[in-house]
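Thanks for coming. I have one structure to go through today, and I will keep to what can be read from its atoms. Please have a look at it first.

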Amino acid sequence: MSEMTVKDFAAKVGREVPRLLEQMKEAGLEHKSEGDAVSEEDKRKLLDYLTKSHGGSGSGAKNRITLTRKTRSRINTGERGKSIEVQVRKKRTYVKREEEPAEESKVEDHGPRQLVGDMAEAEAKRAAQEAEDAKRRAEEAERQAAEQAEAEKAESEQAQAEQAAPVDPEPEIPVPELDTSGPAPEEAPAPPKEGRTEGRRAAVKKASGKAGKKGRGDREEDRGDREERRRGGRKAKRAERRGNRRGGSQSGGKHGFQKPTQPIVREVSIPESISVADLADKMSIKANEVIKAMFTMGAAVTINQTIDQDTAAIVVEEMGHKPKLVKDDALETEVLEGISYEGDEITRSPVVTVMGHVDHGKTSLLDYIRRAKVATGEAGGITQHIGAYHVEDDHGGVTFLDTPGHAAFTAMRARGAKATDVVVLVVAADDGVMPQTIEAVEHSKAAGVPMVVAVNKMDKPNADPDRVKNELSQHGVISEEWGGDTQFVHVSAHSGDGIEDLLESIQLVSEVLELKAVPEAPGKGVVVESRLDKGRGPVATVLVQNGTLKKGDIVLAGLHYGRVRALTNELGKQVDEAGPAMPVEIQGLDGTPEAGDDFMVLDDEKKAREVANFRQGKYREVRLARQQKAKLENMFSQMGQEEAAKLNIVLKADVQGSLEAIKGALEELSTDEVQVSVVSSGVGGITGTDANLALASEAIVIGFNVRADAAAREIIEREGLELRYYSVIYQLIDEVKQAMSGMLEPEWKEEIVGVAEVRDVFRAPKIGAVAGCMVVEGTVHRHKKIRVLRENVVIYEGELESLRRYKDDVNEVRNGMECGIGVKNYNDVQVGDKIEVFDQVKVERTL
C-alpha cells in the first residue's frame with residue numbers, strides 16, 4: 001500500500017493543505033510541502049497535539065475535551081445612534097465514558113478535524129437519551145401507581161360486595177374438609193383480575209366459618225402475587241424497548257429490510273420503440289443506471305430519448321433481465337383474430353363495379369336498371385362519387401358500384417375494383433377504347449376480378465362493336481367469340497336493349513365464383529365513401545361483405561370507431577340491419593374514415609378505441625417520418641438553387657373520395673419552378689379555422705361542393721383572401737393551372753430592331769471615335785442596347801453614347817438614312833463594322 005501524502009491526508013480530514021501544514025508544524029512534525037509522506041506515527045502525534053490543545057491530556061486521556069464558544073451582540077447605550085459590542089465566551093468540558101469504545105474508533109477514523117465535533121455530538125446524544133429515559137421512567141412509575149390504586153379500590157369494592165351478598169346454598173366449587181388444628185391448606189394461585197372466582201372462594205370460606213383473618217391474608221397474598229407479576233411484565237417491556245433502541249443505534253439508523261440474497265430476474269416486455277425512462281421503469285431500476293449502462297456500451301442517450309426494440313433488448317440482457325419482444329400491433333392482431341366468422345353459409349348477391357371512360361354511359365346504363373335518373377344530379381353530367389345501389393330483379397339481387405371515369409379519380413376506381421366481385425366495363429361503340437378504359441382494365445386485372453364488357457350506345461348509327469373488340473384485344477381482353485374468356489354484351493342505355501342479357505351474364509359469372517357469406521357472423525366489409533354532414537355528423541357509406549351489420553353495433557373503420565346510431569339504405573329509408581352484399585350509410589363514427597378502409601364489428605368498445613388510437617398514433621408517426629425524410633432528401637438538392645414558387649391551397653370537399661382525388665390531381669401539377677402545396681384538406685364546409693390557416697399560410701381557399709360559413713366569410717372578406725367554389729373537377733384543375741402559370745418566371749426574348757453599317761470613322765476631342773453609319777435595316781434607337789459586329793462576330797456589347805443626324809441629337813434614325821454613332825466606352829470602331837440595335841421582349845410562360 002502506498003504512503004499517504006499531506007495532500008491526501010488533508011483531503012481525507014477535510015482541511016486545507018496550508019492550515020494542516022501549520023498544525024503539523026505546531027505539533028513538532030517536519031512536514032513542509034503537500035507531497036511529504038505522512039505515517040501512522042505522524043497522525044498519532046498530530047492527534048495528541050490537537051487533543052491537548054482542546055483541553056485533553058495526550059494520547060493516554062482522550063476521553064476529555066473542552067469546547068469554547070464565542071458570541072457577540074450589540075447593546076444600545078440609550079444615546080441616539082450609539083451602541084456597545086459585547087463578546088461572551090463560554091467554555092464547556094465533556095468527559096467521554098469508557099463503556100462505548102466504538103465511538104473512539106469512529107472519531108479516530110474520521111481524522112483530527114472530526115474529533116471535537118463527533119465527541120460533542122455523541123455526548124449530547126447520550127445526555128438527551130438519558131433525559132428521555134428518566135422522563136419515561138417517571139411516567140411509568142406514575143402509571144403504575146395509578147393502576148395499583150385502581151386495583152386496590154376495585155378489590156375493596158369487590159370485598160364489600162361479597163360480604164353484603166347472600167350466601168349461595170349450592171356453590172359451584174365443592175367445599176373441602178378443613179383441619180382447624182393445623183395450618184390452612186394451600187390454594188392454587190388465582191389468575192389476575194378474576195374477581196368472580198375470588199368471590200366464590202370467599203363465600204365458601206365464610207360458609208365454613210373460617211373466613212376471618214386467614215381469608216384476608218390470602219387475599220393480600222394473591223394481591224402481592226399479581227402486583228409482582230405486573231412489575232415483572234413492565235420490566236420485561238422496558239428491557240425489550242432498550243434492546244430495540246440499542247439494536248437500532250448499533251445498526252446505524254438503517255431500515256429493517258434486508259438485501260435480497262440473489263438478484264431478481266424479470267421478464268421485460270419491449271415494444272418496437274420505447275423511451276429510456278419507460279425501459280428503466282419496466283426493470284424497476286433508476287433511469288441513471290440504464291443511461292450509464294448504455295454509455296459504457298457506446299451509446300449516449302437521454303432519459304426521454306426513444307430507442308428501438310433491438311437496442312432495448314441488448315440493454316435488458318446487459319442489466320441481467322430477460323427481454324420479451326412485443327409487436328406494436330399485438331393488440332390489433334389479437335382483437336381481429338378473436339372475431340369468429342364461422343357459421344352456416346348462404347349464397348349472397350354479387351357486388352358489381354361499373355367502370356369505363358368519361359361519358360361512355362356508365363351512370364345512364366345503371367339508371368335504366370334502377371329506373372331512376374341520377375346523372376341529372378351530377379354536376380357537368382359526370383359522376384364524382386362512388387354510388388352504391390342494390391337492385392332486385394328476376395335473376396336475383398345485384399349490388400352496383402358506380403365509379404367516376406375522370407382521370408383524377410384513379411384511386412377511387414382502384415378501390416372500387418378491390419371491393420367488387422365482377423367488373424362491368426362500359427365502352428361506347430362509337431368512341432372505342434379510351435385512356436380511362438385501359439386504366440379500368442389494368443385495375444380489374446390487378447385485383448383479379450372477372451370482367452364483363454358492355455358495348456354501349458349501340459343505338460347510334462356510327463356504332464362499331466367490332467372496333468371495340470379489336471382494340472380491347474390489344475390489351476388482353478379477348479371476346480368469347482374470338483376464343484377468349486370475356487363476355488361482350490351489346491346494350492343501349494337509351495333504349496334498354498341488351499339490359500337483360502347483361503344481367504344474365506353477371507349472374508352467370510357470379511355462379512361460377514360461388515359467392516358465399518355467413519349472415520349470423522359479425523358484420524365486416526369496406527368503406528365506399530365518407531363525408532361530414534352538418535346535421536348528422538360523420539356519415540360513411542359502407543358495403544357489407546360478410547355477416548350482418550346491425551343498429552347499435554360497435555364499428556371499427558380505419559382510424560375511427562363508434563357505435564352505429566342509424567342505418568340508411570340507398571333509398572333513404574332507415575333500416576335496422578344490413579346483410580351481406582348490401583350497401584348502407586352508417587352514423588355514429590367519431591370521424592370520416594378513408595374510402596377503401598376495412599370496417600368490422602367488435603364486441604368491446606374499449607378495445608375498439610384502443611385499436612383506433614393505436615392506428616392514429618402509427619399513422620401520425622409515419623406521416624411525420626415521411627415529412628422528415630422529404631426534408632432531409634431535399635435539403636442538399638436545394639442548396640445553391642433559387643427557391644421555387646409555391647402555391648398554397650386550403651382544400652375542403654364534400655366527401656372523402658373527391659377530396660383525395662382532387663388533392664392528388666393538384667399535387668401532380670407541381671413543377672420544378674412552381675409547387676402546389678395543399679396545406680390543409682378535409683371533409684365538410686369551410687370554417688373560420690380554415691380561413692385563419694389560409695391567412696397564416698398565404699393560401700387560397702377552394703371549396704368543392706361545399707360553402708363557407710358566416711365566420712369564415714367574415715375573415716375572408718376582411719383580410720381579402722381568395723375563395724373559389726367549384727362543382728366540376730375540370731374547372732378546378734384548369735384554374736389552378738392558370739394561377740400557377742402566373743407564378744412562373746417570364747422569359748426574355750431578344751428582338752433586333754435595327755442595323756447600321758460603319759462607312760467612316762471620325763475623331764472628336766470630347767467624344768472620341770464617332771462612326772459615320774448608314775442604317776441598312778430597321779431603326780436605330782438611342783436608348784436601346786447595341787452590339788458591335790466585325791465579320792459577323794460580336795466583339796462588343798453595350799450602349800450608345802450619342803446618336804446624331806448632321807449636327808442635331810436625335811432619338812432614332814430610320815432605314816436608309818445616314819447618322820453619326822458614338823459607342824459608350826468603346827473607341828475601336830472600324831470601317832465595315834456593323835452596329836446591331838436590339839430590344840428584350842418579355843414572353844409570358846404557361847404550363
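Two notes before that. This is a predicted model, so local features need pLDDT of at least 70 and side-chain atom pairs count only at pLDDT 80 or more, while totals for chains, interfaces and linings use all residues. Residues are numbered from 1 along each chain as its sequence is written, and side-chain values use heavy atoms, with hydrogens and water left out.

The protein has 21 helices and 38 strands. Both are DSSP runs, numbered from the N terminus: helices are H or I with at least four residues, strands are E with at least two. There are 847 residues, and 38% of them count as buried. Buried means under 20% relative accessible area, exposed means over 50%, and partly exposed is in between, with a 1.4 Å probe and protein chains only.

Now contacts, meaning heavy atoms within 4.5 Å. Among the contacts with a separation of 6 or more, 68% are between residues 24 or more positions apart.

Is Asp833 buried or exposed? It is buried, because its relative accessible area is 2%. Its side chain makes a polar contact with the side chain of Arg790 at 2.9 Å. A polar contact is a pair of N or O atoms within 3.5 Å; within protein, one must be able to donate a hydrogen and the other to accept it, and residues adjacent in sequence count only if both atoms are side-chain atoms. The Asp833 side chain also reaches the backbone nitrogen of Gln830 at 3.0 Å. Leaving out residues up to four places away in sequence, Asp833 touches several residues, including Ala756, Val788 and Asp828.

Next, Ser697, in helix H19 (residues 688-697). Ser697 has a relative accessible area of 19%, so it counts as buried. Its side chain reaches the backbone oxygen of Leu693 at 2.7 Å. Beyond four places in sequence, Ser697 touches Asn648 and Val679.

Last, Lys7, in helix H1 (residues 6-13). Lys7 is partly exposed, because its relative accessibility is 47%. Apart from neighbours within four places in sequence, Lys7 is in contact with Val17 and Glu34. From Lys7 to Leu21 is 14 residues in sequence and 9.6 Å in space, C-alpha to C-alpha.

That is the end of my list.
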